[in-house]
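Have a look at the model first.

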2 protein chains.
Amino acid sequence: MSDDRLSRVFSALADPTRRDIVARLATGDATVNELAAPYDVTVQAVSKHIRVLEDAGLVSRSRDAQRRPCHLEGEVLDLMTRWIERYRREAEDRFRRLDTVLEEMADGPAEGPAEKEAAS
Amino acid sequence: MSDDRLSRVFSALADPTRRDIVARLATGDATVNELAAPYDVTVQAVSKHIRVLEDAGLVSRSRDAQRRPCHLEGEVLDLMTRWIERYRREAEDRFRRLDTVLEEMADGPAEGPAEKEAAS
DNA sequence: AGGTTAATCAACCACTCGGTTGAACAACCG
DNA sequence: CGGTTGTTCAACCGAGTGGTTGATTAACCT
């Protein structure tokens, strides 16, 4: 469902230039030309980058005469952190459980095989 | 510096299959064949996916006879959350500041132009 | 040793991606 | 109105990606 969205967000941030743009937008809105200035690529390339970020829902754009100021949408970042944190926590918990098992094994060695979760 | 690493991690998680693999590994280590089972792609394709995750530092592999069990490395996820949280927080703070400015403007309308951060 | 199982390597294909150049809108300025 | 500025569209290119099939390595089992 939001699988597609998540893919787009991760994919968008996989590019260093795009991450840089996000970082700059975090300090304030900016136009395409302003955003393009620091890089030695064409403004069209940057425009494409911004499009990608927009499609991912990371930036929104308003209109000011010919200019199209870009604005960072922070909520989507939450979506990512939620995804990441979930599995980081699971892995951590599992690690802690395993740790406990090892301690128990150290106490009373030969017992039940504890856990054997197949992944089928 | 860790820019390259960050790109690899985001890029690795941009693929739904790879995110799924990470999710499954969060519940316990697994071999390539076990991980490949649920998908209708070849085991070679899954092997490649795991390679990408390994290069990103997201999984490590040990050896058990012919098998090479995959293990999720949670620390790298921290790297990502730190990056994300940093800019999310910046954007949030800026938003809050802007909010304050708007409130001040509502109080005493015609005053100083407050802030005008150009992004050059 | 011979055979089976687990995983990877190698070559290839369709497709996407980041970049380019050149043209086209779109809205301002004089 | 004509010209300039800001941005996008269109077509193209080289490199990378996810997938395939086929062969190969590595370690197990009799």
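How many salt bridges does a search of the whole structure find over all chains? The search turns up 20. Keep in mind that this is a predicted model.

**A pair that links the chains**
- R94(A) sits in helix α5 of chain A, while D29(B) is in the loop between α2 (16-25) and α3 (32-36) of chain B, so this pair joins two chains.
- Their side chains meet in a salt bridge at 3.2 Å, N to O.
- R94(A) counts as buried, at 10% relative accessibility, whereas D29(B) is partly exposed at 35%.

**The A–B interface**
- The rule finds 4 salt bridges across the interface of chain A and chain B.
- α5(A) gives the most, with 12 residues.
- That side of chain A splits into 18 nonpolar, 7 polar and 10 charged residues.
- In contact terms, 35 residues of chain A meet 35 residues of chain B.
- The two chains bury about 3100 Å² between them, with 64% of it on carbon and sulfur atoms.

- R67(B) and D64(B) pair up at 3.6 Å, N to O; R67(B) is partly exposed at 39%, and D64(B) is partly exposed at 40%.
- R86(B) bridges to E90(B), with the closest N and O atoms 3.7 Å apart.
- R86(B) and E90(B) are 4 residues apart in helix α5 of chain B, so about one helical turn separates them.
- Salt bridges with shared partners tie D78(A), E85(B), R88(B), R89(B) and E92(B) into one network.

Conventions:
Residues are numbered from 1 along each chain as its sequence is written. Chains are lettered from A and ligands numbered from 1 in the order in which they are written. This is a predicted model: local features need pLDDT of at least 70, side-chain atom pairs count only at pLDDT 80 or more; totals for chains, interfaces and linings use all residues. Side-chain values use heavy atoms; hydrogens and water are left out. Contact means heavy atoms within 4.5 Å. Buried area is the accessible area (1.4 Å probe) that two parts lose on being put together, summed over both. Ala, Val, Leu, Ile, Met, Phe, Trp, Tyr, Cys and Pro count as nonpolar, Asp, Glu, Lys and Arg as charged, and the others, Gly among them, as polar. Buried means under 20% relative accessible area, exposed over 50%, partly exposed in between (1.4 Å probe, protein chains only).
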